Amino acid sequence: MANRYATQGACITASLMKKPHTYMEMIGLGLSISPWRRVGEYLDRTPGLKLVKTTKKVDDRKLTAWLVVKA
């Protein structure tokens, strides 16, 4: 991430604002053992952002993906 002093939640949220991530993609960022919890904690403190559940098609499977959008 660009800001090495940012919180884990802020870094993961910045990545989720660019494109939707599945659970494994969030873990693959290597920022936290529980990235969905860090995102939830960050969004509780940050008004104006919302976590949206989407789906991502990989081969013939549909996977749950998460995206952060401005409310």
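Guide: The conversation below covers aromatic pairs, helix packing and a few individual residues.

Visitor: What should I know about the model before we start?

Guide: The model is predicted: local features need pLDDT of at least 70, side-chain atom pairs count only at pLDDT 80 or more, and totals for chains, interfaces and linings use all residues. Residues are numbered from 1 along each chain as its sequence is written, and side-chain values use heavy atoms, with hydrogens and water left out.

Visitor: How many aromatic pairs does a search of the whole structure find?

Guide: The search finds two. Rings of Phe, Tyr and Trp (its six-membered ring) pair if their centres lie within 6.5 Å; planes under 30 degrees apart count as stacked, over 60 as edge-to-face and the rest as tilted. Tyr 23 and Trp 36 form an edge-to-face pair, with 5.5 Å centre to centre and 85 degrees between the planes.

Visitor: Which parts does the pair of Tyr 23 and Trp 36 tie together?

Guide: Tyr 23 lies in helix H2 (residues 23–28) and Trp 36 in helix H3 (residues 35–45), so the pair links parts 13 residues apart in sequence. Helices (H or I, at least four residues) and strands (E, at least two) are DSSP runs, numbered from the N terminus.

Visitor: And the other pair?

Guide: Tyr 23 also pairs edge-to-face with Trp 66, at 6.3 Å centre to centre and 70 degrees between the planes. Trp 66 is in strand E3 (residues 61–70) and Tyr 23 in helix H2, so this pair connects parts that are 43 residues apart in sequence. Tyr 23, Trp 36 and Trp 66 form one aromatic cluster.

Visitor: Trp 66: buried or exposed?

Guide: Trp 66 is buried, with a relative accessible area of 17%. Buried means under 20% relative accessible area, exposed over 50%, and partly exposed in between (1.4 Å probe, protein chains only). Tyr 23 is partly exposed at 39%, and Trp 36 is partly exposed at 40%.

Visitor: Turning to H3, which of its residues are buried?

Guide: The buried residues of H3 are Pro 35, Val 39 and Leu 43. They span an arc of only 70 degrees around the axis, which places them on the same side of H3. The arc is that of the directions from the helix axis to the C-beta atoms. An α-helix has 3.6 residues a turn, so residues three or four places apart point the same way.

Visitor: What is exposed on the other side of H3?

Guide: Arg 37, Asp 44 and Arg 45 are exposed there.

Visitor: What covers the buried residues of H3?

Guide: The cover includes helix H1 (8–18), H2, strand E2 (49–58) and E3. Contact means heavy atoms within 4.5 Å.

Visitor: At what angle do the axes of H1 and H3 cross?

Guide: The axes cross at roughly 95 degrees and come within 8 Å. That makes H1 roughly perpendicular to H3. Axes are lines fitted to C-alpha atoms, for helices over the stretch in contact, and angles run from 0 to 180 degrees between N-to-C directions. Angles under 35 degrees count as roughly parallel, over 145 as roughly antiparallel, 65 to 115 as roughly perpendicular and the rest as oblique.

Visitor: Which residues meet there?

Guide: From H1, Gln 8, Gly 9, Ala 10, Ile 12, Thr 13 and Leu 16 meet Pro 35, Arg 38, Val 39, Tyr 42 and Leu 43 in H3.

Visitor: Now the loops. Where is Ser 32?

Guide: Ser 32 sits in the loop between H2 and H3 and is buried, with a relative accessible area of 12%. A polar atom of its side chain lies 3.1 Å from the backbone nitrogen of Ser 34. A polar contact is a pair of N or O atoms within 3.5 Å; within protein, one must be able to donate a hydrogen and the other to accept it, and residues adjacent in sequence count only if both atoms are side-chain atoms. Leaving aside neighbours within four places in sequence, Ser 32 is in contact with Gln 8, Ile 12 and Arg 38.

Visitor: And Thr 46?

Guide: Thr 46 is in the loop between H3 and E2 and is buried at 19% relative accessible area. The backbone oxygen of Tyr 42 lies 2.9 Å from a polar atom of the Thr 46 side chain.

Visitor: What is the phi of Asp 59?

Guide: Phi of Asp 59 is near 55 degrees, a positive value in a residue other than glycine. Most residues other than glycine have a negative phi. Asp 59 is in the loop between E2 and E3 and counts as exposed, at 69% relative accessibility.
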